[in-house]
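I open my notebook on a new structure.

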Amino acid sequence: MKGKICIVTGANSGVGKETAKQLAELDAHVIMVVRNEKKGRLALEEIKEETGKDSLDLMICDFASQKSIRDFVKKFREKHNRLDILVNNHGSMPSKKILTEDGIESAFAINHLGYFLLTSLLLGCN
Ligand SMILES: NC(=O)c1ccc[n+]([C@@H]2O[C@H](COP(=O)([O-])OP(=O)(O)OC[C@H]3O[C@@H](n4cnc5c(N)ncnc54)[C@H](OP(=O)(O)O)[C@@H]3O)[C@@H](O)[C@H]2O)c1
């Protein structure tokens, strides 16, 4: 895993944070993708401290917004010319029906379409 470029979405808590930590332990280069920079920074610093590894970056993406996903992929491509591992982990369970800026019910947008758009863009399909 040394030097493998890995994206983990929803990496500031729960399963995503633990996945990021385990990948860092294996000497992968981990890009922690979060929607809240402050929460993300805290998680990243915690992982660095716990593992003693330094090869982690933070990038921002709100998967409720297709523009944000497109912007994230553009920035990722500017920094990296390949991706080895994608962990589509982020997820949310909204308690009420909310429409995203794209006019899509938010759970469907975040937990379903967001994965497909991200993966397709990273594969260079769009
Ligand atoms: N834990 C379980 O028992 C279980 C069971 C089945 C499936 N899962 C799935 O496993 C995944 C991780 O679960 P978990 O228990 O680790 O949940 P969690 O601790 O709530 O983590 C979810 C992560 O997704 C992020 N996220 C939510 N909405 C987002 C958005 N619009 N854009 C970007 N990031 C967003 C959250 O960011 P914020 O902190 O900013 O909200 C958080 O980092 C989820 O997809 C969940 O549906 C979990």
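I start with a term: a crossing is right-handed if the near helix is turned clockwise from the far one by less than a right angle. I also note that this is a predicted model.

**Entry: α3 and α4**

I looked up how α3 passes α4, and the crossing is right-handed. Helix α3 covers residues 66-79, and helix α4 covers residues 106-122. I found that their axes come within 10 Å and cross at roughly 30 degrees. Angles under 35 degrees count as roughly parallel, so I call α3 and α4 roughly parallel to each other.

Which residues of α3 and α4 make the contact? From α3 I listed Gln66, Ile69, Arg70, Phe72, Val73, Phe76 and Arg77. From α4 I listed Gly114, Leu117, Leu118, Leu121 and Leu122. I sorted the residues of this contact by class: eight are nonpolar, two are polar and two are charged.

**Entry: α1 and α2**

Next I took helix α1, residues 14-25, and helix α2, residues 37-51. Their axes lie 10 Å apart, at an angle of about 40 degrees. The two helices are therefore oblique to each other. I noted a right-handed crossing for α1 and α2.

On the α1 side, I wrote down Lys17, Ala20, Lys21, Ala24 and Glu25. On the α2 side, Ala43, Glu46, Ile47, Glu50 and Thr51 make the contact. How many residues of the contact of α1 with α2 are charged? I found five charged residues, with four nonpolar and one polar.

**Entry: the ligand**

A polar side-chain atom of serine 13 lies 2.9 Å from a ligand oxygen. In aspartate 62, a side-chain N or O atom is 2.9 Å from a nitrogen atom of the ligand. For glycine 91, I noted a backbone N or O atom 3.2 Å from an oxygen atom of the ligand.

Key
Residues are numbered from 1 along each chain as its sequence is written. This is a predicted model: local features need pLDDT of at least 70, side-chain atom pairs count only at pLDDT 80 or more; totals for chains, interfaces and linings use all residues. Side-chain values use heavy atoms; hydrogens and water are left out. Axes are lines fitted to C-alpha atoms, for helices over the stretch in contact, and angles run from 0 to 180 degrees between N-to-C directions. Helices (H or I, at least four residues) and strands (E, at least two) are DSSP runs, numbered from the N terminus. Angles under 35 degrees count as roughly parallel, over 145 as roughly antiparallel, 65 to 115 as roughly perpendicular and the rest as oblique. Contact means heavy atoms within 4.5 Å. Ala, Val, Leu, Ile, Met, Phe, Trp, Tyr, Cys and Pro count as nonpolar, Asp, Glu, Lys and Arg as charged, and the others, Gly among them, as polar. A polar contact is a pair of N or O atoms within 3.5 Å; within protein, one must be able to donate a hydrogen and the other to accept it, and residues adjacent in sequence count only if both atoms are side-chain atoms.
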